[in-house]
Amino acid sequence: MSNDAAIKAKLKGMRRQLMTSEELEEQVDSRSLRSFSDYLLQHDSYQKAQNTIKVSLDSRENLEYLTELSYFEDFLKLYRFASLDMRKFLKAYIMTFETHVIKRIFKNLARFHTANVSLNDFTNFLADKRNVDIGDLLLATNVEQGVACFQNSSYSDFFESINDHFTADNFNSYVFEFSLDQFVAKKIWQAAKSIFSVSDLREFKKFYGSEFDIININTIYRLKFFYHVDDNFILTSLIPEKFRLNDDNIQQLLTAGDEREFIQIAQQIGYSAIYNDDFDLSTVNQLQEDYLSKLRHRIARQHSTSLFEIINYLDDKYDEGRTIIDKVERLATAKYSSIERSLN
């Protein structure tokens, strides 16, 4: 069997383990975190994750942790199975997941004075493949100490570029997070350009270029209407690679007279599924994920190579995790009254 055929066969088997939203919804009806976690442990990646972390699954936090590690276990299966070229790209692509964890680490350091990490396959990957000082990160008690743990890592250029924004008692989470998203987007695009054929790169850009566009539109929106910074600063904050965005409509977004006009311009660019007439920034992440998920599935069906199928699977696995966390949130708060839920 060729490597390509073997990967597709492995993906087919792994896909049989994915849970649908409907299946997960049935488990929520039980109103028990314990029964919900028992159901998750019937699936290989969750069982393996639980064997690694060995924690009680009767809390929302531990179930979320289990979900994250399950995603990474599936990534490792595919990474170890992939060719060298595929590994080169996947090592960059997994940074989208790493940013999720890194953001939480620095929020924990800012709020609770601990990174709240534990040793597992993921932290081993950060140490071995990214050169993050996990030992010191376990002991860090503030943002400044956390930054030092990344000074020799794959993220060193990012932390050096924004180091002036952070001290032990000062942390601007918004600047940190959108800057990190931009750094990772550029890394993934560089990796794609180095291994994809011209036709594959064109298809990849439809999906990933759209994500760049949305990140840029969100960046302009926040910096313009929330932070009121000058246009030059906004322009230097944008990701250079784009799909539908061009210099003209970026200028239109910058000069929009109010938020309503801004949304109308975003709709005209081609993103009305996200920036609708009832646009609310608090829901943009969900709308963005739904839009990109549909786009990704369409591209994968039309352009079926093993690497595209791996990307498609990993994003479906990530969506499964998002759904699980949503269900766990409902189960965890079901015992509270509506007033108590609003206070949690």
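**Burial and surface**

I began with burial: of the 344 residues of the chain, 49% count as buried, where buried means under 20% relative accessible area, exposed over 50%, and partly exposed in between (1.4 Å probe, protein chains only). I note that this is a predicted model, in which local features need pLDDT of at least 70, side-chain atom pairs count only at pLDDT 80 or more, and totals for chains, interfaces and linings use all residues. Residues are numbered from 1 along each chain as its sequence is written, and side-chain values use heavy atoms, with hydrogens and water left out.

I then looked up the surface. The chain exposes about 17000 Å², and carbon and sulfur atoms supply 46% of that area; accessible areas come from the Shrake-Rupley method with a 1.4 Å probe, and for residues only the protein chains shown count as cover.

**Overall fold**

I found 19 helices and zero strands in the chain; these are DSSP runs, numbered from the N terminus, with helices (H or I) of at least four residues and strands (E) of at least two. The radius of gyration is 21 Å, close to the 20 Å that the globule rule gives for 344 residues, so the chain is as compact as a globular protein of that length. That radius is taken over C-alpha atoms, and the rule is 2.2 Å times the number of residues to the power 0.38. Along the principal axes, the C-alpha atoms fill a box of roughly 55 × 50 × 45 Å.

I also checked contacts, meaning heavy atoms within 4.5 Å. Among those between residues at least 6 apart in sequence, 66% join residues at least 24 apart.

**Nonpolar core**

I looked up the largest nonpolar core, which has 113 residues. Such a core is a set of buried Ala, Val, Leu, Ile, Met, Phe, Trp, Tyr and Cys residues joined through side-chain atoms within 4.5 Å. The residues with the most contacts inside this core are Leu-40, Phe-89, Phe-106, Phe-176, Phe-204 and Tyr-275. Helix H13 (residues 198–225) gives the core its largest share, twelve residues.

Beyond its neighbours within four places in sequence, Phe-176 is in contact with Ile-102, Lys-103, Phe-106, Phe-158, Phe-159, Ile-162, Phe-166 and Phe-171.

**Positive phi in two loops**

I recall that most residues other than glycine have a negative phi. Lys-54, not a glycine, has a positive phi of about 50 degrees. I located Lys-54 in the loop between helix H4 (44–53) and helix H5 (60–81), and Lys-54 counts as exposed at 66% relative accessibility.

Asn-131 is also not a glycine and has a positive phi of about 60 degrees. Asn-131 lies in the loop between helix H8 (121–130) and helix H9 (134–139) and is partly exposed, with a relative accessible area of 46%.

**Cys-149**

I placed Cys-149 in the loop between helix H10 (143–148) and helix H11 (156–162). Cys-149 is buried, with a relative accessible area of 5%. Not counting residues up to four places away in sequence, Cys-149 touches Asn-131, Val-132, Asp-133, Asp-136 and Leu-137.

**Arg-15**

I found Arg-15 in helix H1 (residues 3–15), partly exposed at 32% relative accessibility. Apart from neighbours within four places in sequence, Arg-15 is in contact with Asn-312, Tyr-313 and Asp-316.
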